Structure formats: C-alpha cells, structure tokens
Amino acid sequence: MHEDEVLGKAYDARLMRRLLRYLRPHRRSVVIALVAIVAQSAMQLAQPLLTRVAIDDYILAGNLSGLGQIALLFLVILIASFGLEFVETYTMQMMGQRIMFDLRMEIYGHLQRLDVRFYDRNPVGRLMTRVTTDVDALNDLFASGVVSAFRDVFILLGIMVILVIMDWRLAIVAFSVLPLIVLVTRWFRTHARE
C-alpha cells in the first residue's frame, strides 16, 4: 500500500498554509476577487429585500405607481450582480491557471533535481498523476472551492444581520438550531472521510 492511499485529516492547517503561499504573488487578483465576492453577496441579499418592499409597500397597499422604480432597481441589481460574477469568475480562473503553472514548474524543477535511483523506486505513472491530476485538484481548490466558501460565508452573515434588523425575536428562534447544526457538521466532518 502506497502512502498515497492513507487518508489524512479532513483539514490540515499546516498544509493549507503551505498552499496559501502560492497566493502571495497574486495578491492583486485575490483582492479584486474578494471585493467582487462581497459586492455580489450584497447584491444577492438586496434582491429578496426589494421583493419584500415591492409586495408589502406597493402591491398590498394598492400603490402600483412606484412598482416600476422597484422593478428598475431590481434589474440594475441583477445586471450588476452578473457583472460582478463575471469579474470574480474571470479573476479566479486566471489566478488558478497561474498558480497551476507555478506549481507545475516547481514540481518539474524538483523532479529534475532528484537522483535517478528515485525513479527506479517509484512508478512513473504515480509521479505523472501528482504532476497532472493533483495539481488540477489544487486549481479547483483555488479557483472554485475557496470562492464558494467565502461567498457562502458572506451571504450567511448578511442573512443573519438582515434577520436581526427585521425581527430580532424571529432571528433568535431561527438561530436556536445553530448549535445542533454545528454538532451534526462536526460529526459528519470527522466520519465522512472514513
């Protein structure tokens, strides 16, 4: 059994720190993507709020004159959200490709420096898998996984803030299930890899 088949921890902070150093040369892209993520999260949170305003303040009140302004604002938010998503996706994909290039060059340079006996002891197919497939998986981590996690966190925090502002009593009831969700998530995280 090769050491590759041994499962490690679901999250390894030391390994994550080593991987995040590949982001340093791309700080500008990271900042652009983070700004786009935060702004897009705000745009997504604004859509249900505008729907609430349209229904409560205009449709139910029978005042349809201001409904056109709400619809126009909703359209502007949708277009801005689309533009921000494009900026975020483009930036993250370009950054992912550059990081993948850096990783592959570093791995290739390392493989060139290894002694010939290393290649006698290790199957070439396994080494090629490390250079290609594993680097592609890391590209997915940088270009998609991290982005989704940040976006979800920002949206969740925004929803929590809006809930507290709209009705803090209802927010407390909604938040009462959070300890159970945290417990189930921790249990699942520890047992899922097994």
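**Helices, salt bridges and a surface patch**

Both Glu-88 and Arg-151 are buried, where buried means under 20% relative accessible area, exposed means over 50%, and partly exposed lies in between (1.4 Å probe, protein chains only). This is a predicted model, in which local features need pLDDT of at least 70 and side-chain atom pairs count only at pLDDT 80 or more, while totals for chains, interfaces and linings use all residues. Residues are numbered from 1 along each chain as its sequence is written, and side-chain values use heavy atoms, with hydrogens and water left out.

Glu-88 and Arg-151 form a salt bridge, and their closest N and O atoms are 2.2 Å apart. A salt bridge here is a side-chain nitrogen of Lys or Arg within 4 Å of a carboxyl oxygen of Asp or Glu. Side chains of opposite charge can pair when their charged atoms come close. The Glu-88 and Arg-151 pair links distant parts of the chain. Glu-88 sits in helix 3 and Arg-151 in helix 5, 63 residues apart. Helices (H or I, at least four residues) and strands (E, at least two) are DSSP runs, numbered from the N terminus.

How many salt bridges does the structure hold? It holds five. Another of them joins the side chains of Arg-104 and Asp-136, at 3.1 Å from N to O. This pair also links distant parts of the chain, with Arg-104 in helix 3 and Asp-136 in helix 5, 32 residues apart. Arg-104 is partly exposed, with a relative accessible area of 26%. Asp-136 is partly exposed too, at 36%.

Now look at Asp-115 and Arg-117. They form a salt bridge whose closest N and O atoms are 2.7 Å apart. Asp-115 counts as partly exposed, at 40% relative accessibility. Arg-117 is exposed, with a relative accessible area of 57%.

Next, see how the helices pass one another. The axes of helix 2 (residues 27–59) and helix 3 come within 8 Å and cross at roughly 160°. Axes are lines fitted to C-alpha atoms, for helices over the stretch in contact, and angles run from 0 to 180 degrees between N-to-C directions. Helix 2 and helix 3 are therefore roughly antiparallel to each other. Angles under 35 degrees count as roughly parallel, over 145 as roughly antiparallel, 65 to 115 as roughly perpendicular, and the rest as oblique. Helix 2 passes helix 3 in a left-handed crossing. A crossing is left-handed if the near helix is turned anticlockwise from the far one by less than a right angle, and right-handed if clockwise.

Helix 2 also meets helix 5 (residues 124–166). Their axes come within 9 Å and cross at roughly 40°. That makes helix 2 oblique to helix 5. This crossing is right-handed.

Finally, turn to the surface. Which residues form a nonpolar patch there? They are Ile-32, Phe-86, Val-87, Tyr-90 and Met-94, with about 460 Å² of accessible area together. Patches are made of residues with over 30% relative accessible area and no salt bridge; like charges are joined within 9 Å, and nonpolar side chains (Val, Leu, Ile, Met, Phe, Trp, Tyr) within 5 Å. Accessible areas come from the Shrake-Rupley method with a 1.4 Å probe, and for residues only the protein chains shown count as cover. Helix 3 (residues 67–113) gives the largest share of the patch, four residues. Met-94 is found in helix 3. It is partly exposed, with a relative accessible area of 32%.
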